[in-house]
Amino acid sequence: MFGLGMQEILVIALIFLLLFGGKKIPELMKGLGKGVKSFKEGMNEVTEVEEKQEKKDE
């Protein structure tokens, strides 16, 4: 995964846990999930607009 070994992932997770605490992590992940979902929806809209534009040009 991105050239990271298990030790590096564990160190990053530990730092993340120390910085944000156990109670904040679910909130952060929920916000990240919403952001990713919104991004995907935006990309799908762009794709649909491009497809409609291509059909118009034909």
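Select Lys34 to begin: at 55% relative accessibility, this residue counts as exposed, since the cut-off for that class is over 50%. Lys34 belongs to helix α1. The model on display is a predicted one.

**The whole chain**

Now zoom out and colour by secondary structure. How many helices and strands does the chain have? The secondary structure comes to 1 helix and 0 strands. The radius of gyration is 19 Å, well over the 10 Å that the globule rule gives for 58 residues, so the chain is more spread out than a compact globule. Turn the view along the principal axes: the C-alpha trace spans about 55 × 30 × 10 Å. The helix, α1, covers residues 6-57.

Next, switch to a surface display. The chain exposes about 5,700 Å², of which carbon and sulfur atoms supply 64%. What share of the 58 residues is buried? Buried residues make up 0% of them.

Select Leu10, which is found in helix α1. Leu10 is exposed, because its relative accessible area of 54% passes the cut-off of over 50%.

**The nonpolar patch**

Select Val11, Ile15, Leu19, Phe20, Leu28, Met29, Leu32 and Val36 together. These residues make a nonpolar surface patch of about 720 Å². Within this group, centre on Met29, which is placed in helix α1.

**The negative patch**

Move on to the acidic side chains and select Glu41, Glu45, Glu48, Glu50, Glu51, Glu54, Asp57 and Glu58. Together they form a negative surface patch. Centre on Glu45, one of its members, which lies in helix α1. With a relative accessibility of 54%, Glu45 counts as exposed.

**Charges over the chain**

To finish, select the charged side chains of the chain. There are 9 positive and 10 negative ones.

Definitions and conventions. Residues are numbered from 1 along each chain as its sequence is written. This is a predicted model: local features need pLDDT of at least 70, side-chain atom pairs count only at pLDDT 80 or more; totals for chains, interfaces and linings use all residues. Side-chain values use heavy atoms; hydrogens and water are left out. Patches are made of residues with over 30% relative accessible area and no salt bridge: like charges are joined within 9 Å, nonpolar side chains (Val, Leu, Ile, Met, Phe, Trp, Tyr) within 5 Å. Accessible areas come from the Shrake-Rupley method with a 1.4 Å probe; for residues, only the protein chains shown count as cover. A salt bridge is a side-chain nitrogen of Lys or Arg within 4 Å of a carboxyl oxygen of Asp or Glu. Lys and Arg count as positive and Asp and Glu as negative; His and the chain ends are not counted. The place of a charge is taken as NZ of Lys, CZ of Arg, CG of Asp or CD of Glu. Helices (H or I, at least four residues) and strands (E, at least two) are DSSP runs, numbered from the N terminus. Buried means under 20% relative accessible area, exposed over 50%, partly exposed in between (1.4 Å probe, protein chains only). The radius of gyration is taken over C-alpha atoms; the globule rule is 2.2 Å times the number of residues to the power 0.38.
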